[in-house]
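Look over the sequence and the fold below before reading on. The paragraphs that follow go from the whole chain to single residues.

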Amino acid sequence: MQKVVVDMQNALFADAISTALKKFNSDFDVYQSEKPDKTAELCFYVQADILFMEVTLRGEWRSA
């Protein structure tokens, strides 16, 4: 099982990415980060193999 962490500004986009990953490969175990400053801790805690992260120059990160 590969562990994937998703860190996106838009919660709907993060949900869509998570769903697509699970449908693409049921061997993916997907975790969504609540806040960008907690992403590294989450990756370490779950021992993530892959990190999908949105990088922007502006705008506030929002959680749903």
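**From the chain to its residues**

The protein chain has a mean pLDDT of 87, and 88% of its residues reach 70 or more; pLDDT is the predictor's confidence in each residue, from 0 to 100. This is a predicted model, in which local features need pLDDT of at least 70 and side-chain atom pairs count only at pLDDT 80 or more, while totals for chains, interfaces and linings use all residues. Residues are numbered from 1 along each chain as its sequence is written, and side-chain values use heavy atoms, with hydrogens and water left out. Where pLDDT is low, the predicted coordinates should not be read in detail.

Begin with the secondary structure. The protein chain has 2 helices and 3 strands, and from the N terminus on they follow the order β-α-β-α-β. Helices (H or I, at least four residues) and strands (E, at least two) are DSSP runs, numbered from the N terminus.

Next come the totals for the chain. Of the contacts with a separation of 6 or more, 72% are between residues 24 or more positions apart; a contact means heavy atoms within 4.5 Å. The accessible surface comes to about 4,900 Å², and carbon and sulfur atoms hold 54% of that surface. Such areas come from the Shrake-Rupley method with a 1.4 Å probe, and for residues only the protein chains shown count as cover. Of the 64 residues in the protein chain, 25% are buried. Buried means under 20% relative accessible area, exposed over 50%, and partly exposed in between (1.4 Å probe, protein chains only).

Which residues make up the largest nonpolar core? This core has 7 residues in all: Val4, Val6, Met8, Ala14, Leu21, Phe28 and Val30. Strand E1 (2-7), helix H1 (11-24) and strand E2 (28-32) are the elements that give two or more residues to this core. A nonpolar core is a set of buried Ala, Val, Leu, Ile, Met, Phe, Trp, Tyr and Cys residues joined through side-chain atoms within 4.5 Å. In soluble globular proteins, nonpolar side chains tend to be buried together.

Alanine 14 lies in helix H1 and counts as buried because its relative accessibility is 4%. Apart from neighbours within four places in sequence, alanine 14 is in contact with Val6, Met8 and Gln32. Its C-alpha atom is 9.9 Å from that of tyrosine 31, which is 17 residues apart along the chain. Leucine 21, with the neighbours within four places again left aside, is in contact with Val4, Val6, Phe28, Val30 and Phe52.

Lysine 22 also has its place in helix H1. Is lysine 22 buried or partly exposed? Lysine 22 is partly exposed because its relative accessible area is 46%. Not counting residues up to four places away in sequence, lysine 22 touches Phe28 and Val30.

Now turn to strand E3 (residues 50-53), where isoleucine 50 lies. Isoleucine 50 has 28% relative accessibility, so this residue counts as partly exposed. Beyond four places in sequence, isoleucine 50 touches Gln2, Lys3, Val4, Val5 and Phe28. The C-alpha atoms of isoleucine 50 and valine 30 are separated by 9.4 Å. Leucine 51 is also in strand E3, and a relative accessible area of 40% is why leucine 51 is partly exposed. Together with Met53 and Val55, Leu51 makes a nonpolar surface patch of about 300 Å².

Two loop residues complete the tour. Proline 36 is found in the loop between E2 and H2 and is partly exposed because its relative accessible area is 40%. The C-alpha atoms of proline 36 and methionine 53 are 9.0 Å apart. Glutamine 47 is in the loop between H2 and E3; at 60% relative accessibility, it therefore counts as exposed. Although it is not a glycine, glutamine 47 has a positive phi of about 55°. Most residues other than glycine have a negative phi.

Methods. Patch = residues over 30% accessible without salt bridge, like charges linked within 9 Å, V, L, I, M, F, W, Y side chains within 5 Å. Salt bridge = Lys/Arg side-chain N within 4 Å of Asp/Glu carboxyl O.
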